[in-house]
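Here is a short briefing for someone meeting this structure for the first time. Look over the sequence and the model, then read on.

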Amino acid sequence: MAKPVKHKKVNKTLVIVVAAVIGALAYGAAHLANTSGSNQTASDHKEAKPWYKNHAKPPEMIRLPDAPLILAAKEAEVDETIQELKPKQPLKKKQVPPPASVTPRLNSVEISAKPVAPPTVYEEALPQDIYTPTKTATKVSTPDPAPEKTPPPTIEHQQPRWMQYALKMDVPKDTPMIALVIDDLGLDRKRTARAIALSGPMTMAFIPYAKDLKKQTGRARANGHELLVHLPMEPLNAKIDAGPNNLNTHLAAEDLKDRIHWNLERFSGYVGVNNHMGSRATTDDTVMKALMSELRNREMLFLDSRTNPKSIGAKIAGLEGVPFAERNVFLDNVNEKDAVLKQLSLLEKVSRRSGFAVGIGHPRDGTIAALQEWLPTAQSKGFILVPISQIVLKNQGLS
Ligand SMILES: [Zn+2]
């Protein structure tokens, strides 16, 4: 009898213990739920969404901007725009050093695919100097012009490419030559057209990232001018952007090469290259050697704009066997007709002294007005207007 009683007692105790355990577990679970949910808001509790519904959408892929280097700014606003853009640039780009002007290799190709050109032309501060070489000309080491036994059958094919694209003209000996180069062309379409309409022969240097280059350069050529690629290169002032795909001192060798190729393939029919800006890059051995080696391969000439008197352009061109010329006078640091006319008279002086002179101007109102006045007088003053190729021929001792 005692057994079943005892058994009953045990059962009772068991039920109590089990009930107590269940109660404790329930309390514990409730408490746990409270503490784990302490980071959530009250509304989250109320909604009681399943866990998978509480997940946010995955973030969209962050892409690099299409054209971070180009400034769509009005002429007067260029500087402010650069400053405004600057702090944003590190956010857009992944790179740390160097700043501003460097873009990743692939990105530079993307930019080139659809260039967005600024509406107006800009330029770094150009030196006032008049460059007059002390020697008559620095000659490129050319083979001894000893007469060959059998003359080449077709001279045209033997000519380097720059000579094939050069305007053909006879320059009477002892007539001082003046070469006028208008660069920064192609962006300001209206003024570019006005510059092209001037009577030549002059040399028209087009910015490679301008639009409709085939049409614009075709018109310049049709109007009797010679063509150059106005190659954007890094200036000393880091606040000034030389434009997309510019050659700068931060680029890896392969990127540098890619950019040189890109710039030289925007249009055809040009005789060579002159630098846009470049007061830093033209003093850099690596950049200049990469450029000259490509110009040599393509048989093109180099005109050093000499935006920095310390430019090593002529030196490296000479070493690499690239025919070259150098700028003597900038015509329009002051964009006023009278100021430009004054620079043109300085150019005349250099030409009388050295036999030739190279002036660089830009598609600006003062420049165009001054040239309209000066061009018809050049011949009567005893000068002959020539394209840049004639100066290079003279430099090489070939004319
Ligand atoms: Zn320029």
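Which residues does Ile388 touch, not counting residues up to four places away in sequence? In this predicted model, its partners are Ala179, Val181, Thr203, Glu226, Leu228, Val271, Leu303, Ala325 and Val358. The points below put Ile388 in context.

**Overall make-up**
- The chain has 399 residues, and buried residues make up 37% of them.
- Its secondary structure comes to 14 helices and 9 strands.
- Take the contacts between residues at least 6 apart in sequence: 76% of them join residues at least 24 apart.

**The nonpolar core**
- The largest nonpolar core holds 74 residues.
- Five of its members touch the most other members: Val181, Met204, Leu228, Val271 and Ile388.
- Three of these, Val181, Leu228 and Val271, are also among the residues that Ile388 touches.
- Strand β1, residues 177-185, gives this core its largest share, with 7 residues.
- In soluble globular proteins, nonpolar side chains tend to be buried together.

**From β1 to β2**
- Strands β1 and β2 run parallel and are joined by 3 bridges.
- Ile182 has Met204 of β2 as its bridge partner.
- Between the two strands, the chain passes through helix α7, residues 189-196. This β-α-β crossover is right-handed.
- Strand β2 spans residues 203-206. Thr203 and Ala205 point one way from β2, while Met204 and Phe206 point the other way. All four are buried.
- Thr203 of β2 is one of the residues that Ile388 touches.

**From β2 to β3**
- Strand β3 covers residues 226-233. Strands β2 and β3 run parallel, with 4 bridges joining them.
- Phe206 has Val229 of β3 as its bridge partner.
- Helix α8, residues 213-222, lies between these strands in the chain, and β2, α8 and β3 make a right-handed β-α-β unit.

**Confidence**
- The mean pLDDT of the chain is 77. A pLDDT of 70 or more is reached by 64% of the residues.
- Over residues 136-148, pLDDT stays under 50. The model has 18 contacts beyond four places in sequence for this stretch.
- Residues 151-155 also have pLDDT below 50. That stretch has 1 contact in the model beyond near neighbours in sequence.
- Where pLDDT is low, the predicted coordinates should not be read in detail.

Key
Residues are numbered from 1 along each chain as its sequence is written. This is a predicted model: local features need pLDDT of at least 70, side-chain atom pairs count only at pLDDT 80 or more; totals for chains, interfaces and linings use all residues. pLDDT is the predictor's confidence in each residue, from 0 to 100. Two residues are in contact if their C-beta atoms, placed from the backbone, lie within 7 Å. A nonpolar core is a set of buried Ala, Val, Leu, Ile, Met, Phe, Trp, Tyr and Cys residues joined through C-beta atoms within 7 Å. A residue is buried if 20 or more other C-beta atoms lie within 10 Å of its own, exposed if 12 or fewer, and partly exposed in between; C-beta atoms are placed from the backbone. Two strands pair if DSSP finds at least two bridges between them. A crossover is right-handed if, with the strands pointing away from the viewer, the path from the first strand over the helix to the second runs clockwise.
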